[in-house]
Amino acid sequence: MRAKITYLVTAAVLVFYFVLVGSRGVMLIQSGTLLTVTFGVAVLILPVIGIWFLWKNTQFVRRANQLAAELEAEGGLPVDELRRTPDGRIDRDSADEVFARRKAETEAAPDDWRSWFRLAVAYHDARDTPRARKTMQRAIALHDGRRIPA
């Protein structure tokens, strides 16, 4: 729940920022000189890119949460079997062991979105966020019936 609240607050702050920047871009355009209109258009591009990025990110999180809920209903969510250090961090060797099992599971069933989902969680636990995200995108695509080239 804490992560959802943090995400919503961050998204709200970003939207506020986009509105603020967008209004400045409009003010520059309204000035009417070639230079200010050029800067105004350039400034308006930033919120557009930001809104697109926020939308894509929100869609990704929403779809990943839907897959997690479906997997939980099936009883297939990965069990947290990771050892922790005294300060609560995941033990690296433990994460590597679980990752190896999840990778083998995925190699055995490459068209199963469930195995890709569990592999994405293992990547995340191993602190490899870019691969975790890409793997989760593959799980989402497989769930939706789309094939992603390797």
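Student: A crossing is left-handed if the near helix is turned anticlockwise from the far one by less than a right angle, and right-handed if clockwise. Which is the crossing of helix 2 and helix 4?

Tutor: Left-handed. This is a predicted model, where local features need pLDDT of at least 70 and side-chain atom pairs pLDDT 80 or more, while totals for chains, interfaces and linings use all residues. Residues are numbered from 1 along each chain as its sequence is written, and side-chain values use heavy atoms, without hydrogens or water.

Student: At what angle do the axes of helix 2 and helix 4 cross?

Tutor: Roughly 110°, with the axes of helix 2 (residues 34–74) and helix 4 (residues 113–125) coming within 11 Å. Helix 2 and helix 4 are therefore roughly perpendicular (65 to 115 degrees).

Student: Which residues make the contact?

Tutor: A64, L67, A68, E70, L71 and E74 of helix 2, and W113, R114, F117 and R118 of helix 4 (contact: heavy atoms within 4.5 Å).

Student: Switching to P47. Buried or exposed?

Tutor: P47, in helix 2, is buried at 6% relative accessible area (buried is under 20%, exposed over 50%). Beyond its neighbours within four places in sequence, P47 touches F18, V21 and G22.

Student: And how far is P47 from R102 in space?

Tutor: 39 Å between C-alphas, for residues 55 apart in sequence.

Student: How many aromatic pairs?

Tutor: Two (ring centres within 6.5 Å).

Key. Axes fitted to C-alpha atoms, helices over the stretch in contact; angles between N-to-C directions. Helix = DSSP H or I, 4+ residues; strand = E, 2+ residues; numbered from the N terminus. Parallel < 35°, antiparallel > 145°, perpendicular 65-115°, else oblique. Buried < 20%, exposed > 50% of the residue type's maximum accessible area, 1.4 Å probe, protein only. Phe/Tyr/Trp six-rings, centres within 6.5 Å; stacked < 30°, edge-to-face > 60°.
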